[in-house]
Amino acid sequence: MSKYDVAIIGSGPGGYVAAIRCAQLGMKTAIIEKYSTLGGTCLNVGCIPSKALLDSSHHYEDAIKHFEDHGIEIPGEVKINFKKMIERKQGVVDMTTKGIDFLMDKNKIDVFHGMGSFKDATHIEIDGEKKQTIEATNTIIATGSKPSSLPFITIDKERIITSTEALSLKEIPKHMIVIGGGVIGLELGQVYRRLGAEVSVVEYMDRIIPTMDSAQSKELMKAMKKQGVKFHLSHKVSAVERNNDEITVTATDKKDQEVTFTGDYCLVSVGRRAYTEKLKPENAGVKITERGQVDVNEHLQTNIPNIYAIGDVVRGAMLAHKAEEEGVFVAEVLAGQKPHIDYNLVPGVVYTWPEVASVGKNEEQLKEAGIAYKSGQFPMRALGRSRASGDTDGFVKILSDATTDEVLGVHMVGARVADLIAEAVTAMEFRASAEDIARMSHAHPTYAEAVKEAALAATGDRALHI
């Protein structure tokens, strides 16, 4: 029987990064993955393929809507080769997962393909092409999450689908009904709207992306409405039925009236749930919470001292980069180091266009906590760089403490804010004030100038370009 210092169950961003860091720190490391490719949901059917389709569809939309404004004329009709678009997406996925294979080899990490489950607290059974058992001094559970549904919905994976199937459709829908106005539903809804589908978003809450700042919700919905996406907020879905190629979604609106939506595809995007099926945590004595998550302490340690858990399978935001930080954290804890994670400074991003990005507290949270704050906001339309690229939707908002001026939250909508949010994370990690950011030189012309201008606005009525 093979023996390891640490075994990781699950090879998503949390799992494979944990494996690399453990190996770097001198531990004999194994990683167990039930699928034939490494990378988990993110690399195979999540972050990477969805961004590939978002980019491809963005290029198409630019060609049919915006090239002419730039003086670019294309003779004839611009056509979509949807099959090729999906093939390109898969090529990006394949290249990325092969990169993980390379990293496992480079770091001398043993890879086992098969379903991993606990035999006891120090032995893991692997049900793959052959059944085998390995021994691990420590184990990290990194089994991730799966798409959630509603009890009355039958996901047939053909017409009533999750995000997984939406990434590999054989045709462009005529009318896609998206249940859920969160990150995944909006991103995939935008992909198919750009490609010509009618898209209707049906959301239970009174706004989209409800966990983010309300100003971001309003700005993104305004931008997506201009793009032709239809929104139906405060709608409680009660039934989803299929009749051949027709899908009917029944919901109750805020006036308590029943309404129906008819389309040819329904994307069920109502969140994700922790995945522990077939893990057999009970064999090791590991506690599972009422929400189906692995119960961990502040060190990401379960009630069994040599077993840890990270990523979507534990509490907190279901984000790939949060899982990566936790993977490094546990590896360094096992090595006797004293790492830290500030969960308040884990950014959240929506990769629509315009993009949406946040870090820290939003206005609703500060009001609820009774924290006095200042707010400075700067519109992207006032930037020369935004006008040059034609990306004038959005803003940057900085919230700072009313007394100390320390930055408490930064909330952005606009072009490339998914990258721009890192400036805010860096500033907040070093506990910068709005004045600190306002005094920093930002290159001109750039989107980043909006951060400086918002900081100037937060320190008083000092923004220069509005």
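**Strand pairing, cysteines and an enclosed helix**

A hairpin of two residues joins β4 to β5, where strands (E, at least two residues) and helices (H or I, at least four residues) are DSSP runs numbered from the N terminus. The model is a predicted one, in which local features need pLDDT of at least 70 and side-chain atom pairs count only at pLDDT 80 or more, whereas totals for chains, interfaces and linings use all residues. Residues are numbered from 1 along each chain as its sequence is written, and side-chain values use heavy atoms, with hydrogens and water left out.

Strand β4 (residues 115–120) and strand β5 (residues 123–127) run antiparallel and are joined by five bridges; two strands are taken to pair if DSSP finds at least two bridges between them. Within this pairing, Phe118 stands opposite Ile124 of β5.

With a disulfide defined as a pair of cysteine sulfur atoms within 2.5 Å, the count comes to one disulfide, which joins Cys42 to Cys47 with an S to S distance of 2.5 Å. The torsion about the S-S bond of Cys42 and Cys47 is about -130 degrees, so the disulfide is left-handed. Accessibility was classed as buried under 20% relative accessible area, exposed over 50% and partly exposed in between, with a 1.4 Å probe and protein chains only. Cys42, at 12% relative accessibility, counts as buried, whereas Cys47, at 29%, counts as partly exposed. Cys22 is buried, with a relative accessible area of 0%, and the closest cysteine sulfur to that of Cys22 lies in Cys42, 19 Å away, which is too far for a bond. Cys266 likewise counts as buried, at 0% relative accessibility.

Helix α13 (residues 449–458) is largely enclosed by the rest of the structure, because eight of its ten residues are buried. These buried residues are Glu449, Ala450, Val451, Glu453, Ala454, Ala455, Leu456 and Ala458. On the criterion that contact means heavy atoms within 4.5 Å, the buried residues of α13 pack against the strands β20 (373–379), β21 (395–401) and β22 (407–414), and against the helices α11 (417–429) and α12 (434–439). Just after α13, Gly460 takes a positive phi of about 145 degrees.
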